[in-house]
Amino acid sequence: MKKSKIGIVSTLFLDNKISKISVSSDYVNAIEKAAGLPLIIPITSNLENIDSYIDLCDGFLFTGGIDINPYFYKKNPHKELGEFNSKLDLFQLSLMQNIISSKKPFLAICRGIQILNVACGGTLYQDFSEVPNNTIQHYQKSARYEFIHPINIKTDSLLYNLFGESLYVNSFHHQCINQLGDNLSISAIAPDNIIEAIELNNYTFGIGIQWHPEMMLINNNKMLPLFSKLISTSLKN
Ligand SMILES: [Mn+2]
């Protein structure tokens with residue numbers, strides 16, 4: 001049977017001052033569990049190769065990582081801004097914009113939802129200390145597969161078709177969406193009104209989520225529909 005080729009977008013990190021390309025195994029395992037073929041897309045300064053990577057893959061998975069340089073959404077750096085890497089930002093923002101033009105399906109996790117929003121012209125809160133009335137713990141101290149807070153899902157969303165009106169998720173973020181980008185809709189919010197999921201309008205499957213479903217898959221299969229839907233939509237494309 002033909003398998004759907006899913007490009008997992010890697011990240012950069014510094015290991016003893018050496019820049020390395022990395023992907024957490026949890027993402028690879030999640031794509032395999034949902035019967036897709038994981039491929040890893042490297043981060044490079046060569047933006048000319050982006051269209052060739054898009055041609056190679058049927059769908060895409062954007063992964064978690066460090067903060068985005070607020071230069072890319074025209075804000076000054078907040079004092080609680082974490083580490084960023086502009087080369088990583090440039091590649092991922094450009095890749096996201098070109099994937100959207102190609103209409104290919106994607107799932108964008110954690111830093112991925114933030115890349116999606118910024119690629120569409122939106123902005124971020126750089127730290128929860130910037131967020132008014134933030135009352136929920138969004139950076140959990142428990143194991144990565146533990147759920148911590150519920151989300152309320154809007155009825156007219158792709159996410160609702162997968163999970164219904166509410167879902168418990170894990171949470172490992174100190175940033176979140178502020179102003180929504182163009183052609184995006186909110187599909188889920190936390191009890192403190194933090195945006196936890198967004199979707200591209202008039203698009204087969206283009207979802208950003210703030211939690212880490214690939215980590216929760218270690219414990220049970222409740223998050224599997226996200227990956228299965230990415231893969232089945234990619235096969236049809
Ligand atoms: Mn959260």
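1. Let's start with Glu196, which lies in strand β12 (helices, H or I with at least four residues, and strands, E with at least two, are DSSP runs numbered from the N terminus). Keep in mind that this is a predicted model, where local features need pLDDT of at least 70, side-chain atom pairs count only at pLDDT 80 or more, and totals for chains, interfaces and linings use all residues. Residues are numbered from 1 along each chain as its sequence is written, and side-chain values use heavy atoms, with hydrogens and water left out.

2. Is Glu196 buried or exposed? Its relative accessible area is 0%, so Glu196 is buried; buried means under 20%, exposed over 50%, and partly exposed in between, using a 1.4 Å probe and protein chains only. His138 is buried too, at 3%. The two side chains make a polar contact at 3.3 Å (a pair of N or O atoms within 3.5 Å; within protein, one must be able to donate a hydrogen and the other to accept it, and residues adjacent in sequence count only if both atoms are side-chain atoms).

3. Glu196 has no salt bridge, meaning a side-chain nitrogen of Lys or Arg within 4 Å of a carboxyl oxygen of Asp or Glu. How many does the whole structure have? A search finds three. One of them joins Asp26 to Arg144, with the closest N and O atoms 3.0 Å apart. Asp26 is in helix α1 and Arg144 in the loop between β7 and β8, so that pair ties together parts 118 residues apart in sequence. Asp26 is buried at 10%, whereas Arg144 is partly exposed at 39%.

4. Another salt bridge joins Asp89 and Arg111 at 2.8 Å, N to O. Asp89 belongs to helix α3 and Arg111 to helix α4, 22 residues apart, and both are buried.

5. Finally, have a look at β5. Both of its faces are covered, with Gly59 and Leu61 buried on one side and Phe60 and Phe62 on the other.

Conventions. Lys, Arg positive; Asp, Glu negative; His and termini not counted.
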